[in-house]
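Thanks for coming, everyone. Please take a look at what is on the screen, and then I will walk you through it.

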Amino acid sequence: MKVDAYAHILTPRYCEEAARLLGTLGDAQSRAFQLMLAKDPSLAEVRERAAIMDAVGQDYRQVLTMALTSVEYIDRSINVRLARLANNELPELAGSDPARYRGWVAQAPLLDMPETIRELERAFSRGALGAQINTHIAG
């Protein structure tokens, strides 16, 4: 069995919220986001992802992790809200097809450390296999 432990995805509500927020930053940010989705539809489209997985083979599985956009680090409240949204949607998606998805990795809202601890505790209680810690946060 092949397991992709870094299978990036943008879950549906998260993707909608990121697109909305990026739209408030201006056309260039919004266009870059749309271009990213156009280049790799499997980032946000579960059917596209399934087709690619099937092409790789029946023994291919994924552990889902969030793909990042530039919007996560606009400010703390957005950072926390998007992390919660991701950590609500990822277990739903992983649980929707356990034969394909071996689990999910929590998103940590690193701009607010007390909230990071609370959110990761919540995510682990919901079944997260680990936490994604991005090293490019706030400098």
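This is a predicted model: local features need pLDDT of at least 70, side-chain atom pairs count only at pLDDT 80 or more; totals for chains, interfaces and linings use all residues.

Now the pairing of E1 with strand E2, which covers residues 60-66. The two run parallel, and 6 bridges join them. Look for Ile9, and you will find Met66 in E2 standing opposite.

**Helix H3**

Next, helix H3, residues 46-56. Which residues of H3 are buried? They are Arg49, Ala50 and Met53. Look down the axis of H3: the buried residues fall within an arc of 100°, so they line one face of the helix. An α-helix has 3.6 residues a turn, so residues three or four places apart point the same way.

What do the buried residues of H3 pack against? They pack against the sheet strands E1, E2 and E3. Turn to the face of H3 that points away from the buried side. Just after H3 comes Gly57, with a positive phi of about 140°.

**Two helices in contact**

On to helix H1, residues 12-25, and helix H2, residues 27-39. How do their axes meet? They come within 7 Å and cross at roughly 145°. From H1, the contact uses Cys15, Ala18, Ala19, Leu22, Gly23 and Leu25. From H2, Gln29, Ser30, Phe33, Gln34 and Leu37 take part. Sorted by class, the contact has 7 nonpolar residues, 4 polar ones and no charged ones.

**One glycine in E3**

Last stop: Gly103, in strand E3. Is Gly103 buried or exposed? The relative accessible area is 10%, and buried means under 20%, so Gly103 counts as buried. What is Gly103 in contact with, leaving aside neighbours within four places in sequence? The partners are Gln62, Val63, Leu64, Ala94 and Leu129. Then there is Arg61. Gly103 and Arg61 are 42 residues apart in sequence, and their C-alpha atoms are 9.4 Å apart in space.

That is the tour. Over to you.

Conventions: Residues are numbered from 1 along each chain as its sequence is written. Side-chain values use heavy atoms; hydrogens and water are left out. Two strands pair if DSSP finds at least two bridges between them. Helices (H or I, at least four residues) and strands (E, at least two) are DSSP runs, numbered from the N terminus. Buried means under 20% relative accessible area, exposed over 50%, partly exposed in between (1.4 Å probe, protein chains only). The arc is that of the directions from the helix axis to the C-beta atoms. Contact means heavy atoms within 4.5 Å. Axes are lines fitted to C-alpha atoms, for helices over the stretch in contact, and angles run from 0 to 180 degrees between N-to-C directions. Ala, Val, Leu, Ile, Met, Phe, Trp, Tyr, Cys and Pro count as nonpolar, Asp, Glu, Lys and Arg as charged, and the others, Gly among them, as polar.
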